[in-house]
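Biologist: Could you take a close look at one helix in this model, and at the sheet that it meets, and explain slowly how the parts are arranged?

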Amino acid sequence: MKGIFLATTMAGALAVTAAATALATEYAPLPQLQAYEVPEAWRRPVAPLRIAERTWQIGTEELTSLLLKGSDGAILIDGGMPQSADHLLANMKALGVEPTDLKLILHSHAHGDHAGPLAALQRATGARVVSNAESAVLLARGGADDIHFGDGILFPPVKADRLLQDGERVELGDLHLQVHFIPGHTPGSMAWTWRDRGDGRDVNIAYVDSLSAPGYQLIDNPRYPKIVEDYRSTFARVRELPCDLLLTPHPPASSWAFKTEAKQVEPLGCRTYADRAEVKLDAQLADQRKKIQSK
């Protein structure tokens with residue numbers, strides 16, 4: 001009986017081994033993990049560039065990181081790629097801002113090309129990260145399980161210290177900003193507005209999140225069913241923002257060139273920015289409808 005049991009067991013093991021070998025020969029190797037790579041201009045540092053009296057661009061040529069210097073410390077909006085932390089700290093120091101002078105870190109949306117170094121900056125400065133509920137979830141998991149990109153754009157996780165309501169004000173001494181929720185590019189996308197002085201006059205500055213939909217499924221998206229409706233309401237809202245001077249996370253989107261100086265090549269305001277984005281969205285929708293109908 002014992003011999004029969006051992007023979008049966010060995011036969012079963014051999015059968016499993018043979019099946020596993022057959023499966024191994026049938027399937028191709030799993031794909032290699034790919035790093036998130038971006039254009040060189042997104043990674044090319046620039047020296048601090050003055051936008052207005054208290055507003056500076058301290059990021060890279062084609063990723064905006066804004067430093068606002070006030071009476072009670074400084075505020076940073078967006079950080080660019082994860083590898084930008086040391087560059088940002090160096091540019092702050094060049095402007096006389098020590099790490100402990102940075103009190104608040106704000107952002108536009110929770111993708112790795114804008115929120116990438118926020119965790120490192122939070123640790124280095126002790127600044128409080130200010131976000132909203134939708135973005136805070138994505139920040140906390142380091143961009144994992146993104147609606148559109150899955151785990152393709154990961155970054156070090158960030159803990160939000162304060163969650164905002166739409167229209168809430170953020171104040172630090174003489175710096176007064178207001179947040180505007182503009183969902184679409186992400187469900188937690190935000191715009192920020194504040195007043196500064198430029199060219200000898202008071203200006204309303206609007207830092208408005210991306211309005212693009214890069215490769216997004218716009219029709220019947222199970223993860224974001226009302227994505228198109230959100231974009232429509234966002235376009236309408238952006239058109240009405242106080243906006244003498246428009247800035248965006250990707251400078252070319254608002255016609256800015258950040259090299260040896262900060263220069264807006266073409267005068268571009270919030271209304272035109274929203275109008276152009278809506279034209280692109282409509283074309284993207286039409287293309288997706290055509291592909292669905294042709295199936």
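Modeller: The buried residues of helix α6 are covered by several elements, including α4 (112-115), β6 (128-132), β7 (162-164) and β10. Please keep in mind that this is a predicted model. The helix itself runs over residues 133-140, and its buried residues are S135, A136, L138 and L139. Because these residues cover an arc of only 165° around the axis, they lie on the same side of α6. Just after α6 comes G142, which takes a positive phi of about 60°.

One of the covering elements, β10, leads us to a sheet, an open one in which five strands follow the order β8-β9-β10-β11-β12 with mixed pairing. The edges are held by β8 (169-172) and β12 (245-247), and since each has a single partner strand, one side of each is left without a neighbour in the sheet. Neighbouring strands of this sheet are turned by 25° against each other on average, with direction ignored.

Within the sheet, β10 (residues 190-198) pairs with β11 (residues 201-208) in the antiparallel sense, over eight bridges, and W194 stands opposite I205 in β11. In general, strands of a sheet pair through backbone hydrogen bonds, either parallel or antiparallel.

Methods
Residues numbered from 1 in each chain as written. Predicted model: local features only at pLDDT ≥ 70, side-chain atom pairs only at ≥ 80, totals over all residues. Heavy atoms only, no water. Pairing = 2+ DSSP bridges. Helix = DSSP H or I, 4+ residues; strand = E, 2+ residues; numbered from the N terminus. Axes fitted to C-alpha atoms, helices over the stretch in contact; angles between N-to-C directions. Buried < 20%, exposed > 50% of the residue type's maximum accessible area, 1.4 Å probe, protein only. Arc of directions from axis to C-beta. Contact = heavy atoms within 4.5 Å.
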